[in-house]
Every structure is written in C-alpha cells, then in structure tokens.
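Good morning, colleagues. Please look at the display as we proceed.

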Amino acid sequence: MESAQKNNPLHGKTLEFILNELVKYYGWEKLGAFVRINCFIENPGISSSLKFLRKTPWARKKVEELYIQVCERT
C-alpha cells in the first residue's frame with residue numbers, strides 16, 4: 001500500500017499547503033480564472049477558501065487536480 005502512495009503527489013499534503021502553493025504559483029487572479037469559484041475571485045483569502053473547499057467536494061477536486069498539474073510541470 002505504501003508503494004501506491006509514493007507516486008501520489010497529494011500524499012502527505014494538507015489542503016492548506018496545496019492552496020498556499022497554488023497561490024504562490026499563480027496568484028489569486030489566475031487561480032480564480034482556472035477554478036471559477038467566488039472565494040478565489042471576490043475578496044480572496046486562505047481561511048475562507050479552505051472553509052469552502054472543505055465543504056464542496058467538486059471544488060476541492062478541481063484544486064487538487066490543478067496542484068497535480070503544477071507538480072508535473074516542475
């Protein structure tokens with residue numbers, strides 16, 4: 001089972017870590033363009049975005065998929 005996690009870029013990463021990395025990489029404006037949710041577009045912030053993403057599985061999935069794409073590029 002552990003070997004299956006070695007290739008998983010999300011393994012051991014918290015949602016807060018992932019969001020912070022995406023904000024560093026893209027900035028809020030570009031992140032809002034890629035993942036069209038209000039908490040990234042209007043008055044963006046880490047804590048409000050985390051609250052929304054934890055309650056909204058489809059949005060969290062999009063953020064995680066975007067993070068995986070960033071990991072593949074770097």
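This is a predicted model: local features need pLDDT of at least 70, side-chain atom pairs count only at pLDDT 80 or more; totals for chains, interfaces and linings use all residues.

In number, that makes 5 helices and 0 strands. With a radius of gyration of 12 Å, close to the 11 Å that the globule rule gives for 74 residues, the chain is as compact as a globular protein of that length. The C-alpha trace spans about 40 × 25 × 15 Å along its principal axes.

Of the contacts in the chain with a separation of 6 or more, 54% are accounted for by residues 24 or more positions apart. Buried residues make up 31% of the 74 residues.

Next, the surface and the charges. The chain exposes about 5300 Å², and carbon and sulfur atoms supply 50% of that area. There are 12 positive and 8 negative charges in the chain, and their mean positions lie 2 Å apart.

Finally, I would draw your attention to one residue, Thr14. Where is the place of Thr14? Thr14 sits in the loop between helix 1, residues 2–6, and helix 2, residues 15–34. Which backbone atom does the side chain of Thr14 reach? The side chain of Thr14 reaches the backbone nitrogen of Phe17, at 3.0 Å.

Thank you for your attention.

How values were computed:
Residues are numbered from 1 along each chain as its sequence is written. Side-chain values use heavy atoms; hydrogens and water are left out. Helices (H or I, at least four residues) and strands (E, at least two) are DSSP runs, numbered from the N terminus. The radius of gyration is taken over C-alpha atoms; the globule rule is 2.2 Å times the number of residues to the power 0.38. Buried means under 20% relative accessible area, exposed over 50%, partly exposed in between (1.4 Å probe, protein chains only). Contact means heavy atoms within 4.5 Å. Accessible areas come from the Shrake-Rupley method with a 1.4 Å probe; for residues, only the protein chains shown count as cover. Lys and Arg count as positive and Asp and Glu as negative; His and the chain ends are not counted. The place of a charge is taken as NZ of Lys, CZ of Arg, CG of Asp or CD of Glu. A polar contact is a pair of N or O atoms within 3.5 Å; within protein, one must be able to donate a hydrogen and the other to accept it, and residues adjacent in sequence count only if both atoms are side-chain atoms.
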